[in-house]
Amino acid sequence: MNRQEEQGLQEAQAEFMKLVNSPNQEQSSTPITPTPKTNEKITHEVITPEPEAAPQIKAGLTKEYSHHSFADFCKAPAPIRYLIKGYIQEQALHMIFGEPGSGKSFIAIDMAASIACPDITSWHDKTLNHKPVIYLAGEGAAGLKKRCAGWAAKNGVDPEHVQLDFIDEVFPLDGESEEYSIENTIANIRALQPDPGVIFIDTLHTFMNGDENKAQDVAKMLMVCRKLIRELKCAVVLIHHVGVSKEAKNRARGSSSLKGAMDIECQVTKSGNKVTLNQTKNKEAQAEKSLAFTLEEVIIPLYDNFKDW
């Protein structure tokens, strides 16, 4: 380094020392924070609670079935509720069977109209719970009209007070077409009665597409009945015939699985003008004693004018 360079270095060091030791220099312990530019946004973190997670279906299941423990059932045993005490149980499956002309439809109409009419206080001394009724009339709709008129006249009630609706079109309840799907049937029933207490199906054979002798076909029909019960929260009563052979006269015709599926089953027999209703099965209670009825002729003015036709 020559003498001129050495002199320049010394002058630079002297100037630096002046800046450091200057009394006008303010010292601060506050950290310097850069001022944000005008086009920059200042953001703040906000804690937002996460939405409640939807219930998850257990691995391997496409639908988790309703289930309860033994202890759950013991805590709240369900009481048996009836529309007709001992005979028509709420949200249950029933059958009334008998030979042709035995009087089973008379009894079915008597039950149905009594449940549907608040003016009737009991059904042959059995307690009633009144609800609207749907009746699928597949056989003898013309005869049912006279029976309904006769019932109203005999019991002295205004037909307008009876919340009983008839569907007199025959169709397969177990059909697979869209026109006769179970969903369409339920929609038709709800259009008539949004809250039916019971549906009478007269007869099982008329509204069944399958073979009543085949367990597989019967199982399909029973599933339809159970769906009616589940979706409409009502009872279902099947009107059916007895077997053909002599040995089958005391049981319902067709597959033995029918009886196994019933909650309550009754047989109707007739001798002269005497009709007997015998309860052959009661799943949830002791079977009721047999009831005896007498068929009486009732004069209906509307029809009496045409007795000579």
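Predicted model: local features only at pLDDT ≥ 70, side-chain atom pairs only at ≥ 80, totals over all residues.

## Helix α5 and its buried face

Helix α5 spans residues 182–192, and its buried residues are Ile182, Thr185, Ile186 and Ile189. Viewed down the helix axis, the buried residues of α5 lie within an arc of 95°, so they line one face of the helix. An α-helix has 3.6 residues a turn, so residues three or four places apart point the same way.

## The eight-stranded sheet

Eight strands make up an open sheet of mixed pairing, with the order β7-β6-β8-β9-β3-β10-β11-β12. At its edges are β7 and β12 (291–294), each of which pairs on one side only. On average, neighbouring strands of the sheet are turned by 20° against each other, direction ignored.

Within the sheet, β10 (residues 264–271) and β11 (residues 274–282) are paired in the antiparallel sense over eight bridges. Val268 has Leu277, in β11, as its bridge partner.

## Nonpolar cores

The largest nonpolar core comprises 39 residues, and Ile88, Met111, Trp123, Phe200 and Leu277 have the most contacts inside it. Helix α3 (residues 104–116) gives the most to this core, contributing eight residues. Beyond its neighbours within four places in sequence, Phe200 is in contact with Ala108, Met111, Ala112, Val133, Ile134, Tyr135, Leu136, Val237 and Ile239.

In soluble globular proteins, nonpolar side chains tend to be buried together.

Terms used: Residues numbered from 1 in each chain as written. Heavy atoms only, no water. Buried < 20%, exposed > 50% of the residue type's maximum accessible area, 1.4 Å probe, protein only. Helix = DSSP H or I, 4+ residues; strand = E, 2+ residues; numbered from the N terminus. Arc of directions from axis to C-beta. Pairing = 2+ DSSP bridges. Axes fitted to C-alpha atoms, helices over the stretch in contact; angles between N-to-C directions. Core = buried A, V, L, I, M, F, W, Y, C linked by side-chain atoms within 4.5 Å. Contact = heavy atoms within 4.5 Å.
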